Each structure stands twice: as C-alpha cells, then as structure tokens.
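Q: Please take a close look at a single part of this predicted model. A connected account is wanted, one that begins with the local setting and then moves on to the contact between chains.

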Amino acid sequence: MHSYIRPHTHIALRLPSGIVKILEIAPNTTINIGKFGSFAANLLLGRPYYLTFELLEKDDERTKTELRVVPASELHAEALGNDHAAPAESRDDPAPTEGGVEFDIVGDDGEVIMRSNRLTIDDPSRQKLSMEEIEELKKAGTGSGKEIIERIMASHMAIEEKTSFSLAKYTLRKSRKYLKRFTVLPLDVGMLTDYLTEREAYKVMELREDTLGLVSSWANIHCSETSRVLTGEDGISQIGGGRWLVVDDTGGLVVAALAEKMGILYPSEEDDDSGSEGKEEEEEPTSATTSAQPGQIATKTPVLPEGTTAPEETSIKPEDLQNGTTEASSNLPPPDPPQDDLPQPTSNQTLSNAPPNPPRPRRPPRPHIPQMSSPTNTLTLLHSNAQPNLAHLKYFSYDSGNPSTSHPLYTHLKTISWLQILHPSEDATYAEPETISEETLATMKSSKRGNYYRKRRRWERTKSVVDETRRGGFDGLIVASVMAPQTVLRALVPLVRGGGKVVVYSANVEPLVELCDLYSKERRAAFVARQFEKPQNGVKIKREVKEEDSEPNTPLFSSYEDGDEDEDFPVNPTLLLAPSLQTARARHWQVLPGRTHPMMTSRGGAEGYLFTATRVLPVEGKVEARGHFRGKKRKTGEGSAVQV
Amino acid sequence: MAPPPSPFFDPGTHAAPNSLSVLQLRRDHLIPAVLSASTESEYAEGKVENTRFGSFPHSTLLHQPWGTQVLASVVDTGSRGQKSKKRKREGDDDGQSTPVHETERARKDLVKAVTASSGFAHLVPPTPETWTLCLPHRTQVVYTPDYSYILQRLRVRPGDHIIEAGAGSGSFTHAAARAVHNGALEEAHPAITTEAANGDEHSMVPKARRKRRGGVYSYEFHAPRAKQLQVEVNEHGLSSTVKVTNRDVYEDGFCLEDEEAPDADAIFLDLPAPWLALKHLTRSPPSPAVMKSVASDPATPEPEPSAHIAQTSSTPKLFRSPLNAKKPVRICTFSPCIEQVTKTVTALRSLGWLEIGMTEILSKRLEVRRERIGLQEEGLRGANPSAATVQEAVQRLRDVEGRAKVFHGLQKEKQEEIARKVEAKKRGGKVSPAEEDQEAVSGKGKVKVESVPPSKHDRLERAKKELDNRELFKEGRLVHRTEPELKTHTSYLVFAVLPREWTKEDEEKANRKWS
C-alpha cells in the first residue's frame with residue numbers, strides 16, 4: 001500500500017505554506033492548489049509518494065503545465081550546504097564578510113564565528129522592491145518562484161548584514177510565499193489525524209497521533225486474522241479471537257487507527273495488488289523492471305482486485321466458521337450460493353471496467369457476503385445514534401452508509417447501538433421479520449422479494465451481532481467518548497474477557513480522575529466488605545458480576561438503568577486491575593546545523609489523557625492482601641474462582 | 001504439527017503449560033513465568049513462584065482462565081533442601097519403573113497446594129506492555145510511550161518488515177512483533193527455531209507466496225544479549241516473526257543470506273552512532289562523495305570508517321538494498337544526546353532522506369487520590385488534620401478559649417474556696433455549712449466540666465470511634481498529580497522517510513500511462 005499514487009484514492013498535498021490539502025485524485029481531472037496554480041491529476045498518478053514537485057507553468061517551451069521532481073539534494077541544499085563546507089554554521093557565507101562589517105565573535109584565526117545583530121535596522125524600506133514590482137514579477141514569472149525570491153533577496157539592501165539566523169528565517173518566509181512547490185503525502189491515519197487536529201480538533205476529541213499510538217498499544221491491538229475461535233465454558237460465548245469493543249465519538253478516527261493496526265483499514269485490493277507486483281518483480285529481477293511496473297499495474301488496478309479478493313473472502317469464511325462458533329453459521333445463508341455466484345458480479349466488473357473505489361450501488365438480488373460476519377479480528381462499534389458516525393472512514397474508501405463488499409471493514413467492522421446491546425427487544429431491527437414461504441415468494445414482484453430478503457438479512461445481521469456482543473469475551477474495550485465513562489464501563493467491562501484491556505481516552509483529565517476514583521483501592525475494599533456485610537445487597541451486586549453468564553436472550557442489563565444500584569458503586573470496582581492514568585505528548589524540534597531547538601510554538605488545547613486497566617476475574621469471597629493481619633479466613637479452592 | 005500460537009498474539013482462554021504467562025502482583029510489579037506441570041522442583045508442590053505477596057505453585061496457575069485472581073498457597077520454603085534430595089531419589093526410581101506413575105505423583109502434588117490465609121496475584125496474558133514491565137533488563141529499555149509513538153510514526157502495519165538494530169532488552173522487539181504480525185503462513189518451517197538459534201549466517205524460511213508475512217529483523221552486536229533474546233523469542237513463540245542476528249551493523253550492514261530479507265519497510269535504530277549504519281540503508285550504492293560527507297561528519301574524525309566504506313562500496317559487485325523497493329521506507333533513530341541527533345540528521349540529509357524531523361516524547365503518569373483535610377482527621381493516618389475552613393479554625397480557637405475560660409473559672413473558684421475555708425478556719429467553728437458548700441461547689445464544677453469543649457484526648461477518642469462509620473473512600477477532595485518518579489527524558493527520536501527511487505524512465509512510463 002502507498003507504493004504509488006493510485007487513482008480514486010485520497011491524497012494529501014502539502015503546500016509551501018505548510019497548509020495541507022486533502023483531495024481524491026481522479027484521472028483526467030485538474031488539481032488546483034490555489035495561488036500556486038493548477039495542474040493535471042495525471043501528472044501525479046502512478047508516481048511515488050513523498051516526492052516534492054515544482055510547478056512549471058506553460059510558456060514558449062512548454063505547451064502545458066508540467067511538474068518537476070525536486071531532488072532531495074536540492075531540498076536539503078540550504079541545510080547541507082553550509083554544513084559540508086564547515087563544521088558549524090560559522091563559515092556560513094564568507095564572501096560578504098569583507099564588506100567592513102563588524103563582528104562580535106571572531107575566532108583565533110580571524111575567522112568569523114558569529115555575526116552580531118548590532119547593525120540590524122528594523123525598517124521595511126530596506127526592501128527596495130515595491131509591492132507593485134513584486135506583483136509584476138509574479139505575473140511575468142513563469143518559473144518556480146525561485147527567481148522572484150532571488151530578486152527579492154538581491155534587492156534587500158542589507159541582506160549581508162543579517163545574521164545567519166535571520167537570513168535563514170527570511171529565506172524561509174519568502175520561500176513559503178513564492179515557491180511553487182508541493183509535496184504529495186499518502187493519506188494514512190497519522191496524516192489524517194494531523195490534518196483533523198489542525199482544523200477541527202473538537203470533532204475528533206482533540207486526539208493527537210501520539211495519543212492514538214498509546215491507545216492502540218495499551219489496548220493490545222494487533223492483527224488476529226488467524227486467531228483461534230475459542231468458546232468459553234458455557235460452550236457458546238466466544239472468548240478472545242481478536243475482537244475489540246469500541247466506543248468512538250471521533251467520527252471514526254479511532255476506528256481507523258485501530259483498523260490500521262489490525263490490517264483491515266486499507267482495501268484489500270491494494271494489498272493483493274502490491275503482492276502481485278512484488279511477485280512479478282521477483283520472478284524477473286533482471287531488467288529495469290521498476291520502470292516497467294507502475295504502468296502495467298495501474299492498468300490492472302481496476303480489474304485485479306475484484307477477481308482476487310472476492311473469492312478469497314468467501315473461501316475463508318465458511319472454513320473459519322466450521323472451526324469455530326456454531327452460532328454464526330446459522331446467520332449465513334447456505335454457504336454455497338456466495339461461492340457459486342460471487343465470481344459473477346466480479347466478472348461483470350471486469351467487463352464494465354468500473355473503477356473499484358467509488359462505492360458501487362448495491363444490487364439487491366445479488367448473492368450476499370454477510371456483512372459484519374467475520375469471527376475474528378473484528379471491531380464492534382457501539383454508537384449512540386441510530387446510525388454510527390464513521391465519516392472519516394471515507395478517506396479510506398469505506399462508506400459506512402453503503403460499504404463496498406470488497407473492503408475488509410465490510411466483514412470486520414460490526415456496529416451496534418446502545419439500545420440494541422442493552423435492550424434488544426426494544427429495537428425494531430432485532431425483531432424477526434415474518435417468514436414468507438418459498439411459494440408465496442415466487443409469486444411476488446421482484447422488488448418486493450428483494451425487499452423481503454434485504455429485511456431478513458438485516459435482521460440476521462443485527463441478531464448475530466447483538467447476540468455475539470452480548471455474550472462478551474472481547475479482547476479489549478477502547479472508549480473515546482464524550483459520555484460519562486463510568487456509565488460506559490459499567491455496561492461494557494463485563495463483556496471483556498479476563499486479561500483483556502480497557503482503555504478510555506478523554507480530552508480532559510477530570511472525567512478520568514473520577515473514573516480512577518471509582519476503581520480506587522479503598523472503594524474496592526469497601527465494595528467487597530459491603531458484599532459480605534449485607535448479603536441481600538451482595539446478591540444484587542453479584543448479579544452484575546455474573547451478567548455474562550446469563551442467557552443471551554434474557555435482558556442481561558436489566559439492572560443497568562434501574563437506578564436502584566448503590567450510588568457509591570456505579571461500577572464494580574473489583575473487575576479492573578491496576579487502573580492507571582497517563583498522558584503523553586510529542587514535542588517537536590527544529591534540527592538545523594547550529595540551530596537546533598524545540599519548536600517555538602505548537603498547538604495547545606486539550607492535553608488528552610488515557611485510563612488503562614486490565615479486566616480480571618475476582619475470587620468470590622474475602623481476599624486478604626498479604627501484610628495485613630489475618631482476618632476472617634474463608635476457604636477458597638480453585639473451584640471457587642469466578643465465572644467464564 | 002504447527003507450534004501453538006504465541007501467547008502474545010493469541011493467548012487462548014486459559015494459561016497453558018510451557019507458555020509464558022505473567023503474574024501481576026502490583027501495578028508495576030509483574031513476574032513472568034513459563035508455567036509447567038513438571039515435578040522437577042525443589043518444592044513438594046512442583047514449580048513455585050515465590051513473591052513478596054506469597055508463593056504461587058504453578059499447579060494453582062495452570063489452566064486457570066486469564067485474568068483470574070489467584071490466592072497464594074502455603075509452601076514450605078524452609079526445608080526444601082532436604083525434601084528435594086529425597087524427592088529426587090524417589091523420582092528417579094519412579095521414572096525408571098513407569099512414567100505413568102510420575103504423572104500421578106504430579107497430580108498428587110497439585111492437591112498438596114494449600115491456600116494461604118493471605119496474599120493473591122492476578123494471572124494475566126503477556127503483552128508487550130506487561131513484558132516491558134517485567135523483562136530482565138540488559139540495557140536501557142524502550143518504554144511504552146516511546147515505542148507506541150515510534151511504531152505509530154513508522155506506520156508499521158501487519159505484514160510489514162521492520163529492521164531493529166540494537167535489540168537491547170527486547171521490549172521494542174516484542175512491540176514490533178505485535179505490530180507486524182499478520183499470521184500469514186502460519187505453517188512456518190519448524191526448522192526456523194533451531195536454525196535461528198545462533199544467529200548470523202542463517203537464512204529465513206521460504207518467503208510468503210501469497211501474503212507477505214510480517215517480520216522483525218533484529219540485530220544485536222553483543223553476542224550474549226543476542227543469544228538471550230533468541231532464547232526469549234523462542235520461549236515466547238515468536239520465532240517465526242522475529243529473526244535475531246548477532247552482527248555489527250556499522251560494518252556489515254543489514255542484508256541477510258536470504259535474497260528477500262530483510263526487505264524492510266521500516267527501520268528502528270537504537271545504536272550509539274546511528275549515522276554509521278545509515279550508509280547501509282540505501283536504495284542504490286551511494287556515491288563516493290556522499291559517502292565521504294557522511295563519514296567525515298562533524299566531530300567524527302575517523303579515517304578508518306571512511307576507508308572501510310570506500311572498500312565496501314567498491315568491492316562488492318552485487319549491491320543489494322535491505323529496503324523494500326516498492327514502498328517509501330521510514331526510519332526512526334533513538335538517541336539520548338542532541339549531538340547524536342545532529343550527526344544523524346546530517347547523514348540522513350546527505351543520503352537523500354526526506355521529511356526529517358526530531359521529536360521527544362514527554363509522558364507522565366498521574367496518581368489520583370482523595371485528600372482529606374479537616375479537624376475530624378486528627379490522629380488518623382493518611383490525612384491532614386489541619387482545619388479545613390476558616391470556620392473550622394475559628395471554632396477550634398473558640399473551643400480552646402472556652403476550655404481555658406472554664407478551667408480558669410474552676411481554678412478561681414477553687415482558690416476562692418480555699419480562701420473561704422482558710423477564713424472560716426480563722427473564724428473557727430461553722431465547719432458543716434462549709435462542707436455543704438464545698439460539696440455544692442464540686443457538684444457545680446462537674447456540671448461545668450461536662451459542658452466544656454472536648455479535650456484533645458476526647459477528640460482523638462471520638463475520631464477513632466467515628467472512623468468505623470465513615471466512608472473514607474468517598475470523603476475528601478479528589479485530586480490528581482504527577483507520580484513521584486518522572487521520566488523527564490528518554491531519548492530524542494529522529495524520523496525520516498526515503499521515497500521510492502524514481503528515474504527518468506519511470507517518469508516516462510508513468511507519463512505514457514496517464515496521459
């Protein structure tokens with residue numbers, strides 16, 4: 001992935017001003033980068049990422065705007081130039097030193113070490129070029145803007161009086177303004193996070209890239225495509241298998257970051273594509289294959305992915321299901337149709353040669369790869385509105401309203417609303433639609449029949465996701481929500497398997513401080529003590545502990561909203577081990593020869609905090625910590641360890 | 001036939017024998033243990049983990065669901081010497097007769113573990129985070145805030161290949177293994193475990209045919225450390241993901257015997273002089289001029305390496321890049337000193353790396369607690385017994401004043417009484433009324449004492465009595481602060497990207513294709 005710029009993907013252009021522009025690149029279109037000009041998208045397609053291009057506008061020699069790749073040596077010229085000649089920035093620019101300028105710091109051999117700013121005159125009139133003249137230049141200028149900068153610099157009366165520091169700043173300022181350059185960057189999660197925090201941080205809960213990294217580490221997110229499907233002691237509920245619960249109020253940014261780490265974010269065709277690309281390379285590593293490849297592959301892009309990925313998906317699924325849960329298979333339509341019929345739409349695709357990425361309209365009668373059906377390596381997203389907000393996934397070719405079946409998130413991302421998880425019976429989509437016999441179906445209009453099947457499928461999907469989620473056994477819980485964290489954890493922590501990780505992100509520290517307090521050692525001790533003192537009360541609390549064991553169809557969470565719970569213990573504090581609170585921030589530095597220091601300014605705003613803990617299975621009964629004098633001892637064999 | 005999956009990637013539902021698990025005693029106090037049911041131990045209970053918080057025989061840990069709270073057992077740690085000798089002899093005899101009996105004995109041992117009256121631990125599956133907290137330190141450890149940011153910035157994704165030079169204690173190795181793991185080709189060659197055992201000149205397994213398998217290529221200069229890491233990697237079931245090589249990367253670069261390895265997408269250098277390794281991380285042989293400029297870096301007046309470079313760059317006919325030719329390659333160097341950073345950055349610039357930037361991670365952990373202040377805390381532990389409010393302070397002052405007044409009053413009365421008595425004596429006779437008076441006075445005094453504000457003794461007494469009914473867990477003000485031990489500097493992280501090579505021919509091809 002990201003080996004070269006593919007059509008119909010989102011890319012990021014960084015302009016000299018530092019502004020990042022995100023756009024979807026399509027063949028035969030024009031890309032406009034504001035005052036710097038515009039150029040044909042085809043000039044970028046098939047090229048690698050991270051190159052800096054210079055706009056060469058059309059003139060006598062060129063019939064249209066062209067792009068020139070700026071080599072690295074040229075980009076680094078300023079930083080390297082003075083460095084190669086001299087050990088420090090001292091000998092910076094020895095030529096104009098003859099001009100009788102006075103220097104503050106002079107070496108033993110009379111060499112200038114550092115120019116002082118004693119002679120600096122703060123006066124805009126020192127620039128001899130007037131604004132009009134510069135405008136003239138800009139209009140006449142055909143080149144990359146370098147000429148303008150050179151002219152401006154040359155017309156500055158006291159350029160040689162500037163210290164190297166201020167000269168560097170001056171040059172940088174002018175470059176940002178006039179240089180017609182831009183850099184093409186791949187739009188990955190890091191890039192997108194930077195972009196979003198820069199513009200609409202409030203929409204992503206002020207998440208930064210460093211926090212995202214920390215979240216995924218503590219949540220132990222990893223690819224579990226090949227994990228075993230194991231069931232708990234009740235024989236039904238799945239334990240582990242690389243399934244994570246997510247509460248995401250960042251419009252899908254957290255989901256994207258997690259999915260990237262699980263290898264399910266980028267459309268699989270890209271993977272396959274680069275794989276085949278690699279193979280072809282390996283087979284004939286003789287000639288200048290590199291040059292031949294991009295073109296060829298680009299032609300294949302629309303075709304290959306469909307052919308390769310779709311059968312793979314179908315072939316994997318039934319197999320996985322056989323090893324694993326018996327449950328999910330009932331949700332699948334008979335496993336044969338997809339296998340038989342799937343190649344069909346793909347061959348249609350090949351013929352029509354439609355671009356793969358824009359979401360194709362879903363054809364209702366088409367045999368169906370069940371959405372949200374993967375047994376392992378999944379994210380289950382809880383959403384508080386009727387539909388999940390996954391707007392930011394559009395940058396990764398996933399339209400949550402109308403997902404393309406070839407996208408890995410189609411099967412690996414499951415969504416469930418709070419109503420569905422807590423009170424499934426109140427949710428309309430959870431109720432089974434009426435069954436119509438085959439005969440009556442045959443007599444129905446095709447549109448009606450399609451409707452019927454769609455409803456059935458939606459119900460099957462909802463039911464399987466809801467039931468699976470309510471049975472718990474998740475490997476972890478990641479919360480980035482504006483909701484009160486204790487209410488979220490109260491409902492979801494019981495669904496995490498023993499040893500699973502719980503991570504809660506909050507932009508501000510206060511909600512998490514409260515949360516830490518609810519899981520504090522003292523509160524836990526009080527909770528346990530209370531369980532023993534008042535057995536009636538204890539039963540109530542125990543019920544919460546045992547929620548997992550209850551039958552899937554009974555209202556597991558009935559006690560949840562009743563409000564009769566002890567207000568001192570909104571969550572069961574014995575379920576989490578080692579709750580801790582942390583924060584991290586990356587501080588960026590400028591590294592230039594002789595001018596290395598932290599950046600002068602950076603973004604303020606919310607610091608961003610993380611609550612992490614491990615889900616544990618507490619021993620039922622009184623437990624004495626060592627070091628305390630023995631109290632009432634209770635017999636506890638291995639058998640009495642709780643649940644699951 | 002396939003080895004069981006690594007407990008790091010797929011721990012299963014229960015702690016399994018011969019696989020790594022972690023005993024968590026306190027938040028930062030974890031003990032790694034490879035659980036085993038074997039009876040070859042000095043203890044009657046089989047293998048035992050002894051901790052400050054009690055002894056945990058493996059038999060009480062094995063086959064427990066992950067996350068279980070395990071109670072400590074009573075283990076006779078004193079007389080193990082004698083016992084072991086005796087047991088060994090027995091074991092030998094038994095072993096010769098029937099192995100079945102041996103397992104029976106093991107069963108018997110399981111029963112022997114008796115739950116202790118106190119002490120517990122939690123059995124948790126290993127993760128790079130828990131491992132980082134409990135690994136045996138060999139060098140400076142790369143901690144979670146750093147490695148999570150590094151892996152995030154390096155864009156390491158499942159299926160990628162990452163070079164790690166300076167494996168050190170292996171914390172980054174484990175985190176990187178988790179990041180690249182994609183489970184492709186699970187039927188890995190069994191040969192790999194034996195083959196990788198002594199590093200250097202061995203090749204990796206035949207490469208993925210369809211899906212590229214993620215891999216960590218770990219290089220360590222220090223032979224014993226490399227060996228130790230290899231042992232850990234095998235023990236943790238990571239041998240098909242992590243390839244440990246004992247090598248001096250400054251001299252010998254990163255290429256392995258296997259044609260396709262390491263084919264890296266990302267590089268992490270935790271070396272004292274990363275700039276010396278950079279010359280091996282190029283897409284094409286660097287030009288002599290560049291080599292010179294890299295070698296003659298400021299303040300490294302070593303003619304030796306440059307001479308050596310000249311040799312290496314000219315002699316080998318077949319240049320092989322250790323980098324993935326198809327993708328942009330990202331690098332991160334991890335150096336504690338700013339001088340190292342300057343040199344590294346200069347070398348990166350000369351070698352054509354882009355997007356160069358330096359970052360440091362400032363991370364801190366916060367502790368949350370309840371701060372109890374107030375006069376009611378007098379004599380209690382973990383609280384501040386000062387007055388919580390001005391009102392409280394005033395009240396206390398009033399009380400003190402009040403007591404003083406009462407006592408002074410009493411004193412005065414006493415004195416007056418004595419004076420009266422004396423006078424009465426002087427006058428003679430009339431004793432009985434005086435006595436009555438005295439009695440009345442004393443009675444009055446007692447009444448007064450009862451209405452007097454409480455003494456310190458009384459207050460302490462009362463605070464203790466009230467403690468039983470108080471709910472301390474929700475009293476006081478909730479506060480948070482940075483934990484006492486603060487890591488103010490770990491290392492500087494230099495990041496850079498090396499784009500794909502792009503030649504004129506490539507450009508022409510792309511041009512033809514897209515116009």
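A: A:N377 is buried, its relative accessible area being 0%. The cut-off for this class is under 20%, so A:N377 falls within it. In chain A, A:N377 belongs to the loop that runs between α14 (343-352) and β13 (378-383). The backbone here has a phi near 55 degrees, which is a positive value in a residue other than glycine.

A:N28 also has a positive phi, near 60 degrees, and is likewise a residue other than glycine. The loop that holds A:N28 lies between β2 (20-25) and β3 (30-32) of chain A. A:N28 counts as exposed because its relative accessibility is 68%, the cut-off for that class being over 50%.

In chain B, a buried position is found at B:S21, which has a relative accessibility of 2%. This serine is part of strand β1 (residues 20-26) of chain B. Beyond its neighbours within four places in sequence, B:S21 is in contact with B:I31, B:P32, B:A33, B:L35, B:W66, B:L123, B:V124 and B:P126.

The contact between the chains comes next. Here 101 residues of chain B are in contact with 118 residues of chain A. Together the two chains bury about 9200 Å², with 58% of that area on carbon and sulfur atoms. Of the area that chain B buries against chain A, 10% is supplied by B:R349, B:F473 and B:W514, more than by any other three residues.

Across this interface there are 12 salt bridges. One of the salt bridges pairs A:D188 with B:R157, whose closest N and O atoms are 3.6 Å apart. On the side of chain B that touches chain A, strand β12 (residues 354-371) gives the most, with 14 residues. By class, the residues of that side divide into 39 nonpolar, 32 polar and 30 charged.

The mean pLDDT of chain B is 80, and 77% of its residues reach 70 or more. Over residues 81-110 of chain B, pLDDT stays under 50, and the model has 23 contacts beyond four places in sequence for this stretch. Residues 297-316 of chain B also stay under 50, with 15 such contacts. Where pLDDT is low, predicted coordinates should not be read in detail.

Conventions: Residues are numbered from 1 along each chain as its sequence is written. Chains are lettered from A and ligands numbered from 1 in the order in which they are written. This is a predicted model: local features need pLDDT of at least 70, side-chain atom pairs count only at pLDDT 80 or more; totals for chains, interfaces and linings use all residues. Side-chain values use heavy atoms; hydrogens and water are left out. Helices (H or I, at least four residues) and strands (E, at least two) are DSSP runs, numbered from the N terminus. Buried means under 20% relative accessible area, exposed over 50%, partly exposed in between (1.4 Å probe, protein chains only). Contact means heavy atoms within 4.5 Å. pLDDT is the predictor's confidence in each residue, from 0 to 100. Buried area is the accessible area (1.4 Å probe) that two parts lose on being put together, summed over both. A salt bridge is a side-chain nitrogen of Lys or Arg within 4 Å of a carboxyl oxygen of Asp or Glu. Ala, Val, Leu, Ile, Met, Phe, Trp, Tyr, Cys and Pro count as nonpolar, Asp, Glu, Lys and Arg as charged, and the others, Gly among them, as polar.
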